Structures are given as C-alpha cells and as structure tokens.
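Me: Can you walk me through this one? I'd like to take it piece by piece.

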Amino acid sequence: MDTNPAHKTCSFCGVQGTADTTFAGGLGAMMCADCVDFFHDKLSSEEGLRSISLRSRSQMPWDEMSDTEVLAKLPMIAATSAQVSAFLVDWVQIARGRGLSWTEIGHALGVSRQAAWERFSRSKPPNAGASA
Ligand SMILES: [Zn+2]
C-alpha cells in the first residue's frame, strides 16, 4: 500500500499532496488538513451546515462555474477515482494475503469469483512500487 502523501490527492479539493502533507483518509478518500478545518467549521454550526448542504441550495455549485472551471474539475475527479480504485486493489491483496478465496472476495464485491479474479489477480501486491 502506497502511504506516501506525495502520491495522494485530497478527495475534497483536489490538492496534490507533498511529502509533508498530512491527510485524513478512509476507504480510499483522502482529506487534506485545510479541508478538515473547513468542514469542521461548517459542520459545527447550523448556519455552516446550511451553507454546504446541497439540499438547501437553489443552485448547485457547478451552476456558478465557468466551463473552464468545470473542465478543471474533471482531472481532479479522475485522480480521486484512481486513488479509490488503487485502495480497493490494496485491500483485495490484503484479503488474498490472509488466504481469503476469490469466491469470498467476489461475494463481498457482489461479483463472481471469476470476475473478481479477472479484475484483481494481476494487481501488484501491497507495498509494490511504494516509496517511503
Ligand atoms: Zn483538501
């Protein structure tokens, strides 16, 4: 599993990590310290909650963006998707390292043993390619 923050992207703002970046992470999503502070402030009050709730908005954030801003979001979303996919590969490898079968892994993912094997069997093991 690659734990180098320089290889991580904040799943909330898209900032690329550096060797000194601290991320909070979970299930492949990563949150930089600035986003932790921002969302802590927003989630700590009713007014803050309303300001970030999509349900209370008459317009979505992307409604106010230029085409250039929308296009700039696409690679950030793709990077986040790739990060989550790599995290899934890592966890499948952890499961395999524990001796869990492709049948068990497939069942957990809602796919067949064959589909799980085809998707993950050629994945590199945890720590392969990771740098300190
Ligand atoms: Zn962030």
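Me: How do strand 1 and strand 2 pair?
Reply: Strand 1 and strand 2 (residues 29–32) pair in the antiparallel sense, over four bridges. Two strands pair if DSSP finds at least two bridges between them. Helices (H or I, at least four residues) and strands (E, at least two) are DSSP runs, numbered from the N terminus.

Me: Before going on, what sort of model is this?
Reply: This is a predicted model, where local features need pLDDT of at least 70, side-chain atom pairs count only at pLDDT 80 or more, and totals for chains, interfaces and linings use all residues. Residues are numbered from 1 along each chain as its sequence is written, and side-chain values use heavy atoms, with hydrogens and water left out.

Me: Back to the strands. Which residue stands opposite Gly-26?
Reply: Ala-29 in strand 2 stands opposite Gly-26. Likewise, Met-31 in strand 2 stands opposite Ala-24.

Me: And how many residues sit between the strands in the hairpin?
Reply: Two residues lie between strand 1 and strand 2 in the hairpin, where Leu-27 takes a positive phi near 55°.

Me: New topic. What holds the zinc ion, I mean which protein donors?
Reply: The donors are the SG atoms of Cys-10, Cys-13, Cys-32 and Cys-35, lying 2.3 Å from the zinc ion. Donors are N, O and S atoms within 2.8 Å of the metal (3.2 Å for Na, K and Ca); water is not among the atoms, so sites may look incomplete.

Me: How are the donor residues spaced in sequence?
Reply: The spacing is C-x2-C-x18-C-x2-C.

Me: Is Cys-35 buried or exposed?
Reply: Cys-35 is buried, because its relative accessible area is 8%. Cys-13 counts as partly exposed, at 32% relative accessibility. Buried means under 20% relative accessible area, exposed over 50%, and partly exposed in between (1.4 Å probe, protein chains only).

Me: What does the UniProt record say about residues 1–51?
Reply: The UniProt annotation, from an unreviewed entry, is "domain: ClpX-type ZB" and covers residues 1–51. Such annotations may be inferred rather than shown by experiment; positions are given in the numbering used here, and feature names are shortened. In the model, residues 1–51 are 33% helix and 16% strand, with end C-alpha atoms 36 Å apart.

Me: Now helix 3. What span should it have?
Reply: Helix 3 (residues 67–97) has 31 residues, so at 1.5 Å a residue it should span 45 Å; its end C-alpha atoms are 46 Å apart, which agrees. The expected span is 1.5 Å times one less than the number of residues.

Me: Which residues of helix 3 are buried?
Reply: Thr-80, Gln-83, Asp-90, Val-92, Gln-93 and Ala-95 are buried in helix 3. The buried residues of helix 3 pack against strand 2, helix 4 (102–109) and helix 5 (113–120), where contact means heavy atoms within 4.5 Å.

Me: What follows helix 3?
Reply: Gly-99 follows helix 3, with a positive phi near 90°.
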